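Open your viewer and get ready to select residues. This tour goes stop by stop.

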Amino acid sequence: MLKKKISNINDEFDPKLFIFIFRKSILWIISFFVIAGIVAFLYLRYTHPIYEAVSVIQQNSTNTANILNTEDVQQSSIEKDLELLRSPVFLNRVFSKLPLNISYYLKGTILDFEAYTSAPFKIEVKVKDPSVFDKQIFLNFVDNRRFKIDYEINGKIYNQQGLVNVWVIFPQIDLKISIINYSAIIQQRSKNLSDDYYFIVNDPQRIVSINSSRLRINILNGAAKTVQISFQDRNSNKAADIVNTIAQEFKIYDIEKKAESAKNILEFLDNQLTEVYTKLIETETQMRAYRKGSIIEGLKSKNFFADNGIDTNSIDSFIANVKLLEAKNIPVKIDDIENRIVNIYYQNGVLNEIENSIVKNKDVDIYKLIAILAGSDLQQSMISGILSSIQQLLVRKEQILYDVTLKSGQVESLDFQIEVQKKLLGETIKAIRRTNDTKKKELFGKIYEYYKIMSKDANINDTTGGLGMYPIEYTVLQRMHSINEKYYDQLVQKKAEYSISKAGYTSNNEILQVAMAPTVPISPNKRNIIMACILGAMFFCLALIIIRYILYNYICLLSDITKYTDIPVLGMIPKYRKEIPLTQLIVDKRPKSLIAESLRAVRTNLQFISNEPGSKIISITSTISGEGKTFVAVNLAGIMAFSAKKVIVIDSDMRKPKIHLGFGVDNDKGLSTVLIGKDVIENCIRSSAVEYLDFLTAGPTPPNPSELILSSKMDETISYLKTKYDYVIIDNPPAGLVTDGIINIQRADYPIYIFKANYSNKGFIENVDKLVNENKISKLAIILNGVEILTSEYGYGKGYKNYGYGYGYGYGYGYGYGYGYGYGYYDEDKNKKVKVPFLRKILGIKT
């Protein structure tokens, strides 16, 4: 009975088997690493190098606006700067400053290289059909005056020969080529048999999207307000130019926006100065008319008092109210009131400008309005927030328009949101203006009350130059003139401040690191690629070993047999490293070899199976062909013959005979002719070169080998041979393929079953178990053939301890192995013990 069920996979870890499979897979392992090296070389050799240029800018805020205490209308945070640097609007401005409209390429054997600004020629184009964008246009110079151009669009090829500095006309494009360095063209042409160069006319609408994907803008240090700008490209000079241009344009853009804001404020101040100047002239005209006695016509015609909320028909009631104020001792500050009125005028002017610009006009200059709003009390109001929202929506709209059309749903949604914000802004302006008008009337009323109180008696101290009973109105008129003068002076002062500030604006940003053209690519990284290939090779090697280990279902060690069955093991035969001769008999040539000694151990162990006197039958079989049963039979016979025992080997495998080939004789007669009575056995027995060793060939192949072996003639033949020989060794057909040899196994005194290491499947052990249990072959023993010598170091001696399982067979081999190894018994040892280095043991390398 089997000890345990035999699995189709290895479900237990055996380090010895793992090492054995590693050694067996050494060629695959070497192959994987060679392939990995080739892959690394090809990848590094034929992959475009990618270069990265890096620049660092820092946000700063020192300019004359701080010195003059004017508002910095373009204050920005580092986050806003990042969004600006990444915005398509700004990048379009940057890329338009660089020679990116045409890309020049030099053809190589495998890789093409972008020439960028180093191309030895210059091309001017006039695009007539957008279909030519992003197409390869091949250029071949015939000589220093002529060239050929060809390209393909929609499957149609266009080609033409042209002259240098002369326009060449195509249906889609007009070209003019100028040569800068013809010697470089000759050098390039000598390297290629086909076209030397090609160029691509880039689509202006796609330049930003193509290049922005390789642009990285990140905050380097938030506390220091530094930003890192990096760009990756196959051309190092191009990468450096793009990064440096972004940094420079950002500085220029910052200055331009500040100057533009100051310009907008100055325009607004000029408009306000004109309006206030007009009011001053009107007020002076009214005062002159008052002095001439035409106050009623001068003032009422202008609706001055009515416009400012002054009721001139209720003087008595007004004076009574003033007396009440005096009784309560409430002081009135005229200067403070005048300043507040001036501020209201300024606010109303700002509101009018915003309303005219954003509510009534479709095109909005949002930066101008934000600039105008700066410096007024309205900067902290709701209007500032609404303007910021409109600005963000307009920026998003500009960015989206690089990818979609005006009629897309996203643009329409943004337009709707902008209109909502405009309406909200209009209503907010109206509300603030109503509040300002109310405040203005209240303030003018207070001034009027103040001067009424100062002029209680109109007939006393009349210093108005004969104006009679209207000194109050005249005094109010004077105060209005004073307010307008103050407002005018304030506007002039602000204009001077912003004019000086505009002249002193500098960029808030400093370039801390200028990008240099990199010389070392960031990709492919040689070290990373090599490491990746090595790791990949290691992974595949390990995967191969693990898979082979899991699926390795062959008998490798003696333990693989004793693990599943109690059938005793006679011994194991080491693997013969050299080519086995045709005779398969090697013990006669190397009687002191390790194989010869292992067979002597088997011969000794046979005595423990049956030690009765008399002739013995040894019947040998295996599961399939190729496991070495004939090799064991012939060499075991040779070992026994060396001890002066008469031995005969019978080839009973009449389907596939081999013995006659081994001994170099014909097979025209043998066992088959004896069994059918054609020949007598004495005529068929032949002698070998080894004394005491004879053999009987299988003879011609019969149609019924099984019936012949089962016949009584076979029993008679074996009985006869037992009388002539000490040992009759029968080489049977494989028991796993045919049943011819089972009867001979049952006849044998020493039935032997052969397994071959790393060849016989573990499932073959079940066949042995069936032979024992179903055919009642109780004396069946096993020999493991073809064992690796290095494997024996961890399985050989240990395994032989199991030979005596139930019988105590271990003595003979233990003696022979110890004696021979210690005393130089084997030819290979040459009287000295050879130490095999550990690494050589692992790799299976001979010393």
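The stops below cover a strand with its partners, then some charged pairs.

This is a predicted model, with residues numbered from 1 along each chain as its sequence is written. Local features need pLDDT of at least 70, side-chain atom pairs count only at pLDDT 80 or more, totals for chains, interfaces and linings use all residues, and side-chain values use heavy atoms, with hydrogens and water left out.

**Stop 1: strand 1**

Select residues 51–59, which form strand 1. Helices (H or I, at least four residues) and strands (E, at least two) are DSSP runs, numbered from the N terminus. Is strand 1 mostly covered or mostly open? It is mostly covered: seven of its nine residues are buried. Buried means under 20% relative accessible area, exposed means over 50%, and partly exposed lies in between (1.4 Å probe, protein chains only).

**Stop 2: its partners**

Two strands pair if DSSP finds at least two bridges between them. Click Ala53, then find its bridge partner in strand 12, Phe231.

Which residue of strand 13 is the bridge partner of Ile57? Look for Ile511.

**Stop 3: salt bridges**

Side chains of opposite charge can pair when their charged atoms come close. A salt bridge here is a side-chain nitrogen of Lys or Arg within 4 Å of a carboxyl oxygen of Asp or Glu. How many does the structure hold? There are 20 salt bridges.

Select Arg206 and Asp134. Their side chains meet in a salt bridge, 2.7 Å from N to O. This pair links distant parts of the chain, 72 residues apart. Arg206 sits in helix 7 (residues 204–212), and Asp134 in the loop between strand 4 (121–127) and strand 5 (136–141). Arg206 is partly exposed at 36% relative accessible area. Asp134 is partly exposed at 31%.

Next, select Arg146 and Asp143. They form a salt bridge of 2.9 Å, N to O. Arg146 is partly exposed at 34%, and Asp143 is partly exposed at 21%.

**Stop 4**

Select Asp415 and Lys397. The closest N and O atoms of this salt bridge are 2.7 Å apart. Asp415 lies in helix 15 (residues 409–454) and Lys397 in helix 14 (residues 382–400), 18 residues apart. Asp415 is partly exposed at 27%, while Lys397 is buried at 19%.

Finish with Glu114, Arg214, Asp233 and Lys238, which salt bridges with shared partners join into one network.
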